[in-house]
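Reader: I have a model open and would like to talk through its side chains with you. Could you take my questions as they come?

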Amino acid sequence: MKKKYSRNERENPSPRQSAPLTSSAQVIKMQGLIVFAVAFALYFNTIFNEYAVDDTIVITKNTLTTQGFKGIPQIMKTDAFYGFFGEGYKLVEGGRYRPLSIVTFAIEYEFFKLNPHISHFINILLFGLTCLLVFYVLMELLKPVVTHENYWNIPLIAALVFAAHPIHTEAVANIKGRDEVMGMLGALMTLWFAVRFVKTENIVMLGLALLSFVFALLSKENAITFLAVVPLTFYFFTNAKAKHYALSVLPLLVVAVAYVQIRQQVTDVKIGQSSPEILNNPFVYASAAERFATIAFTFWEYIRLLFIPHPLTHDYYFNQVPVIGWDNPKAILPLILNLAIIGYAVKGLFKKDVIAYGILYYFITLSIVSNILFTVGIAMNERFIYLSSFGFSLIAAVLLVKATNYFKKKSFTHEKILNPQLLRLTLIVLMVGYSAKTFTRNMDWKNDFTLFKKDAKNSPNSAKVHNALGGEYLTQSDKPGLDPQTKKQYIRESEKALTRALEIYPNYLNALLLMGNAKYKINDSLDEAKYYYLKTLQMKPGYFEGNFNLGCVLLEKNNAKESIPYFQAAIRSKPEKFEPYYNIAEAFFKSEQPDSAIEAFKRVISKTNDLKRQALSHYKIGLSYGKMKNDLDNAILHLNKAAELDPTNITYYEDLGVAYGF
């Protein structure tokens, strides 16, 4: 009679099985190394990339990150975007409290300053560890028999699919995407330790699960969905009892509640609080029916991108994903498809079907960024399914095994691989396709200029990416050493991109501002620039950039007196900014208002530690006293001070000599 082994016997075999286990452990170790090596190799080319997109917000222009260690306490106490926007962070939909990734950037800055190559390298390591964890978590859940002869299994296939999938390029190739990578890493560690606790009842495992959950939540908010994933996993893959559910899930719930309370206090932005700006709230003008119809369409797009990841883009802002109604097949058909998938999962729930688990995991983790519960600021984004793609990778692996098995034995079983040759060939074809797309997409993330040029084509209806491209062309046109023809061409390309942005969104404030800059650069036309700047001020009278830029072009075109009110408005809107103080002082000086110029330059001196700027201000004060007020004593006093602060400037000595000559 054939002996029936209990689950515990299978998980804890007798000593007589120790030799095969040793062999099995060696194979598993080698499989893990392969998974890590594939992940590292596919993203190795990102090491040579620069900063791009939101790296500016969390790294290069973040006033907290660039303090190094000193900025860490404040990073832990503020919204993720506070270091860049200041109080303006509240304009960002929903707020962001994910300090751990920013803390890592601050640590990097302390040791390496601004070094994108180090940051990219760390992202690759973290992603490689995540892929490794995908493999080991699935090994723990599925417990496949592994030997040198039975090398291929679902955990290995799923981990390789996850490592190679091009949908992950935004999370890994963009340094800022580290919050996604760390969040998933922490979430999977939470799951692994929780499962180990159920199987061993070792309280240390529970403690490690809680610590991992804190790590995950402080990295990215969507890790909170593991409050549902953990018990779901217990149900499918363990013999967990009621006490295991209680001892595991209740402490995680306490941690989650504490996190939400801290997040609310730190961000001071309520979840569900909607922005009136369509670039931060794609549904601001949509009815409830239109909102959910559009969401249904995005659910289809996510599935399409998981199976066919092309084209890829970092930008799904207005109007790349247009608002649609239920009269549109693009809403109805995806709804039917997704309901059918969910129906299959519910049916498979009772059978503990692995595919059903993958589906439920996918929808649970996607729910928080789907716009169903609350608006997340954008219709969809590729990085939003980074965490969810674990479910897809598992499903893909099971389906590959089922399909290849069927060709061998006319059976859709997946418990054992029956057709390894066909499986390997199919997996190789899939991996080559995914890997090629991943490797080439990584190169698009080289820097802003490269990415915006590419994604303006991939997101032809996004106002934001065309605006970003227009701004980047202007930035490139200002680079020193550029030949005049190329400079002119860049400005023309900027006009073209900004025109497209304004076609999509005529009231795009930043696009109007940049168009004013472009018109002034290409045509040297005050009237054309003034037209666009005034349009921004009609929309937002206190707009700092509109007032400041208009003041600058007026001052440059010798309309100094006319520029003064705009600099005054700029100072009122952002008194912490330095440049308007200097420019208004120049405007007073050029419009021959000596008393106002003297006071304004004194204010400049008090606001800067730049010795050359202080020297220039003293020089202008001296000229105001000498040429406009005929006060030679004060003129000499300030000209002397200018020469002391900047002894290399011969002009100061020449005018000082003139003053003494009088």
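Reader: Is Lys176 buried or exposed?

Author: Lys176 counts as buried, at 7% relative accessibility, where buried means under 20% relative accessible area, exposed over 50%, and partly exposed in between, with a 1.4 Å probe and protein chains only. This is a predicted model, in which local features need pLDDT of at least 70 and side-chain atom pairs count only at pLDDT 80 or more, while totals for chains, interfaces and linings use all residues. Residues are numbered from 1 along each chain as its sequence is written, and side-chain values use heavy atoms, with hydrogens and water left out.

Reader: Which residue does Lys176 form a salt bridge with?

Author: The partner is Asp179, with the closest N and O atoms 3.1 Å apart; a salt bridge here is a side-chain nitrogen of Lys or Arg within 4 Å of a carboxyl oxygen of Asp or Glu. Asp179 is buried as well, at 2% relative accessibility. Both residues belong to a network of salt bridges that also links Arg98, Glu221 and Arg263.

Reader: How many salt bridges are there by this rule?

Author: The count comes to 27 salt bridges. One of them joins Glu201 to Lys243, whose closest N and O atoms are 3.2 Å apart. That pair links distant parts of the chain, 42 residues apart, with Glu201 in the loop between helix 10 (178-200) and helix 11 (203-219) and Lys243 in helix 13 (residues 242-267); helices are DSSP runs of H or I, at least four residues long, numbered from the N terminus. Glu201 is partly exposed at 44% relative accessibility, and Lys243 is partly exposed at 44%.

Reader: And where do Glu562 and Lys530 sit?

Author: Glu562 and Lys530 form a salt bridge with the closest N and O atoms 2.8 Å apart. The pair links distant parts of the chain, Glu562 being in helix 25 (residues 560-573) and Lys530 in helix 23 (residues 526-539), 32 residues apart. Glu562 is partly exposed at 33% relative accessibility, and Lys530 is partly exposed at 23%.

Reader: Switching topic, what does the side chain of Asn405 reach?

Author: The side chain of Asn405 reaches the backbone oxygen of Lys416 at 2.8 Å, and a polar atom of that side chain also lies 2.8 Å from the backbone oxygen of Thr413. Asn405 is in helix 17 (residues 389-409), and with 0% relative accessibility Asn405 counts as buried. Not counting residues up to four places away in sequence, Asn405 touches several residues, among them Ser411, His414, Ile417 and Leu418, contact meaning heavy atoms within 4.5 Å.

Reader: What about Ala659, which residues is it in contact with?

Author: Leaving aside neighbours within four places in sequence, Ala659 is in contact with Leu632, Ile636 and Leu639. Ala659 is found in helix 30 (residues 650-661) and is buried, with a relative accessible area of 9%. The C-alpha atoms of Ala659 and Thr190 are separated by 76 Å, the two residues being 469 apart along the chain.

Reader: How many disulfides does the structure hold?

Author: The structure holds 0 disulfides, a disulfide being a pair of cysteine sulfur atoms within 2.5 Å. As for individual cysteines, Cys131 is buried, with a relative accessible area of 0%, whereas Cys552 is partly exposed at 23%.

Technical notes. Helices (H or I, at least four residues) and strands (E, at least two) are DSSP runs, numbered from the N terminus. A polar contact is a pair of N or O atoms within 3.5 Å; within protein, one must be able to donate a hydrogen and the other to accept it, and residues adjacent in sequence count only if both atoms are side-chain atoms.
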